[in-house]
Every structure is written in C-alpha cells, then in structure tokens.
Amino acid sequence: MMKTLEVDLGNRSYPIHIGTDLIDQPALFNACEKSTSIYIVTNTTVAPLYAQRLTKTLETFGKPVRTIVLPDGESYKDWKNLQLIFDDLLKFGADRQTMLVALGGGVIGDMTGFAAASFMRGIRFIQVPTTLLAQVDSSVGGKTGINHPLGKNMIGAFHQPAAVIADLNTLKTLPPRELSAGLAEVVKHGAIADEQFLDWIEANSKTLLACDTDAMGHAVLRSCEIKSAVVSADEREGGIRATLNFGHTFGHAIEAGMGYGEWLHGEAVGCGMVLGADLSCRLNFISKAEVERLTKIIQSMNLPITPPKFGAERYMELMQVDKKTEGGQIRYVVLEKMGKAQIKSVPNAQVIETLAATGAA
Ligand code: NAD
Ligand code: MG
C-alpha cells in the first residue's frame, strides 16, 4: 500500500510517500540519481533496526553510501553533535551534490535538515521519518534546527526536503509511549483543521494505539495533508502556520518546567491541548461538552490530561519565553470551534482561570 501527496511550494515542492516497506523501494529515492554521494544520518537506536536495509536500497544508485550514527536523544541535538555530521561530510569528500538522508525521529530529522541547510550553503536531503511524531509533524514543513542551552530549537533554518518517505512498518518497533506522543499531534490536526477527522480519530483510538497499518496510514496521510496545506499557505509562519502550535504554549511550559525529557513533547502537547480547550471555552468559543470530549480523546490515547501544579506565576513566566510572544504579549492558539483554530492575545486573568480550573495552579 502506498499513497503520495505533493507539498505545493513552487520550485521547492516535494512528494510525501506514505506506505509499507517503502525503505526497500529505490524508485522513491530517485532524487538521489543526480547525487555524487549519499550519507544516511541516524542514531544508535535506529541504525541497527533499519540502516542496513536503507543502505542496500540506496546502493542501487551506484554512488558511495555512508552512514553517520549519532547518539540517541534530545540532549544531543546541539552544536557538538551537528559538528559530527560536518566532520564526516568533510572527511569523506562530500560536495554540493551530496544527498543527506535522515533516518530516525524528529531529532535526527531536525539535525540532518539543518546540516543540509548549512553545509556548503545548502545541499539536498531526504526525510525518512521513523517515529509517528516525525511522520505526522516534524518531517513535513521544512523547519530544521538544534537546541541552545537557553532554549529549544533556537538555532535553525527553513530548508525543505527533496522528499519525505514515511514507512509505516517502522512504527512497529516504536515504544508505546512514543506512539502515544505522536498521536497527540494527530489529534491536534483534527482539532485545529478538520472536525470529521477528529470524529474518525475518536472512533479509531483503539486501532491507532494498536498501530494497525490501515488506521495509521490514514492518520499519517490526513495529518500530512493538513500540515502541508497550512505550510503551503504560510511557509515561514507569518500567520496561519502558528495554528499548528495549538496546545504548544502550555505544552512548552510543561516540558520546560518539568525539565526537558521528563515529559515527551507529545505528552506535553496533549495535556496542553486540554488547557487550550478550556481557554477556548472561557472565551465563549467551544462548549464545555466539547472540552470534555477533546479531553477524553486525548486520554484515550494514553496521554496525560492533568498538568503539573507549578502555580500560575511559574506558568506565566515559562510561557513568556515561548517564541510566539510578540512584544511581550503571549499569543494563544484557541479553538474557534471544533476543527477551526485562531491565534489570539488573551488577558492574563483568563489564562490564570484556565490554569486554576485544570489543576495547573
Ligand atoms: P526522537 O527523534 O527523539 O525519537 C524518539 C525515540 O524513538 C528516540 O529514542 C529514537 O531513537 C527512537 N526511535 C525512532 N524511530 C524508532 C523506531 N522506528 N523504532 C524504535 N525506536 C525508534 O523524538 P521525536 O518525537 O520523533 O521528535 C522530537 C523532536 O522533533 C524534537 O526535537 C522536536 O523539537 C522536533 N520537532 C520538530 C518539528 C519541525 O517542524 N521540525 C516539529 C515537531 C517536533
Ligand atoms: Mg509539536
């Protein structure tokens, strides 16, 4: 089974292929035909699972194929480990026609993308996302980068991939907690852009959690359609792209407040959406019943729905450093109705009510 959708960005357009056993199909990697050499960038967890198969596929192009294996974890998404990619590229004679292939989750995708954006002022790369979060979110849209000790994703570039190849079978080896974290972003896509999709997610939560291929295929496809439509309309986040951050302002505060790594990003976003929904209700957009419904859907994905109790002051402080802050004003993504989001400045008093009502304060 395979479905292909095209991300429409003029001369930077690219296909997203979604299906089973795609990493074994050379035709999908045909962007490599014009390359002088190919470097797979992956990590110590993913390499033993999939690097050999992908190498075999890429060797059919008759170019040298090398693998760069980075340590596994968000804490390695930094300058030091980015440099390891450049070290190998230079050591083995990579040039402007070299192709990078990111094989892994969002950390590998973001780092490889940034390496591709900056190596010799920009080379091409292909995304082979192997986590659900990477398949439905991070591999699509062209945001790349690394973390700074003072802030997540603070150093980066926009750089679109030449192709995204989402092999659903790779999700079978994913730890259940990582799968649930990815499902948070799937729920988010339904909540902000497509109420019917949210209905479908609600009806299929069990098959999704069981990683059923057909259900997962639909969830990944619809998520990529929604995300790529938003990205095509607003590539550099001047406006509507920010609606993809629903649940993220509260979520980032949870992640940062707990200490990064304690909660997975998707877990924090899932819980953040509960707060975002409560806030939307306080602004008289969605009903209490709709807040409860969305909360239940998030809970059904085995995601936390009760935020850590940091207190209102600490939350406001943590949210202030969020990138969406403009001139000191925090901007929130709220649900105008189920399936439609908007970005709003909200009086602190109302946010504090939400924090109190949801157990955060
Ligand atoms: P991750 O890349 O850390 O992967 C999670 C874990 O799963 C890791 O231990 C990884 O080695 C392991 N793994 C990956 N594939 C596997 C597989 N098939 N089987 C078994 N284990 C596997 O985390 P993630 O959730 O994929 O991505 C999070 C990152 O993505 C963050 O750094 C975040 O900032 C970034 N992100 C970027 C964007 C964007 O637009 N660029 C969007 C969302 C998130
Ligand atoms: Mg996210």
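Predicted model: local features only at pLDDT ≥ 70, side-chain atom pairs only at ≥ 80, totals over all residues.
Figure 1. Pro 347 is exposed: 9 other C-beta atoms lie within 10 Å, and the cut-off for exposure is 12 or fewer. Pro 347 sits in the loop that links β11 (340–345) to α13 (348–357). Met 273 is 74 residues away from Pro 347 in sequence. In space, 18 Å separate the C-alpha atoms of Pro 347 and Met 273.

Figure 2. Most residues other than glycine have a negative phi. Asn 284 is not a glycine, yet its phi is positive, at about 65°. The loop between α10 (265–282) and α11 holds Asn 284. Asn 284 is exposed, since 7 other C-beta atoms lie within 10 Å. Asn 153 also has a positive phi, near 55°. Asn 153 belongs to strand β8. With 15 C-beta neighbours inside 10 Å, Asn 153 is partly exposed.

**Figure 3. Val 101, buried in strand β5.** Strand β5 covers residues 99–104 and includes Val 101. Val 101 is buried because 32 C-beta neighbours fall inside 10 Å, against a cut-off of 20 or more. Which residues touch Val 101, leaving aside neighbours within four places in sequence? The contacts are Ile 38, Tyr 39, Ile 40, Val 41, Leu 58, Phe 125, Ile 126 and Val 128. Leu 58 is 43 residues from Val 101 in sequence. Their C-alpha atoms are 9.7 Å apart.

Figure 4. β1 and β2 run antiparallel and are joined by 6 bridges. The two strands form a hairpin with 6 residues between them. In the turn, Gly 10 has a positive phi of about 60°. Two pairs can be picked out between the strands. Lys 3 stands opposite Ile 18 of β2. Glu 6 has Pro 15 of β2 as its bridge partner. β2 also pairs with strand β9 (residues 163–167), in the parallel sense, over 4 bridges. Here Ile 16 has Val 164 of β9 as its bridge partner.

**Figure 5. Helix α6 and its buried face.** Helix α6 spans residues 195–203, and its buried residues include Phe 197, Leu 198 and Ile 201. Seen down the axis of α6, the buried residues fall within an arc of 100°, so they line one face of the helix. An α-helix has 3.6 residues a turn, so residues three or four places apart point the same way. Gln 196 and Ala 203 are exposed on the other side of α6. What covers the buried residues of α6? The cover includes α5, α7 (205–209), α8 (213–233) and α11 (288–300).

**Figure 6. The shell of residues around ligand 1.** The shell around ligand 1 has 28 residues. Gly 105, Gly 106, Val 107, Thr 131 and Ser 138 come nearest to ligand 1. Three helices, α3 (106–118), α4 (132–138) and α5 (176–193), each give at least two residues to the shell. How does the shell around ligand 1 divide by class? The shell holds 8 nonpolar, 13 polar and 7 charged residues.

**Figure 7. The contact between domain 1 and domain 2.** The domain assignment places domain 1 at 3–171 and domain 2 at 179–358. The centres of the two domains, taken over C-alpha atoms, are 27 Å apart. Domain 1 puts 24 residues into the contact, and domain 2 puts in 26 residues. On the side of domain 1 that touches domain 2, two or more residues come from each of β1 (2–7), β2 (14–19), α4 and β8 (151–158). Which element gives the largest share of that side? α4 does, with 5 residues. By class, this side of domain 1 has 13 nonpolar, 7 polar and 4 charged residues. α4 also supplies at least two residues of the shell around ligand 1.

Terms used: Residues numbered from 1 in each chain as written. Chains lettered and ligands numbered in written order. Contact = placed C-beta atoms within 7 Å. Near = placed C-beta within 6 Å. Nonpolar A, V, L, I, M, F, W, Y, C, P; charged D, E, K, R; others polar. Domains from an automatic or database assignment. Arc of directions from axis to C-beta. Pairing = 2+ DSSP bridges.
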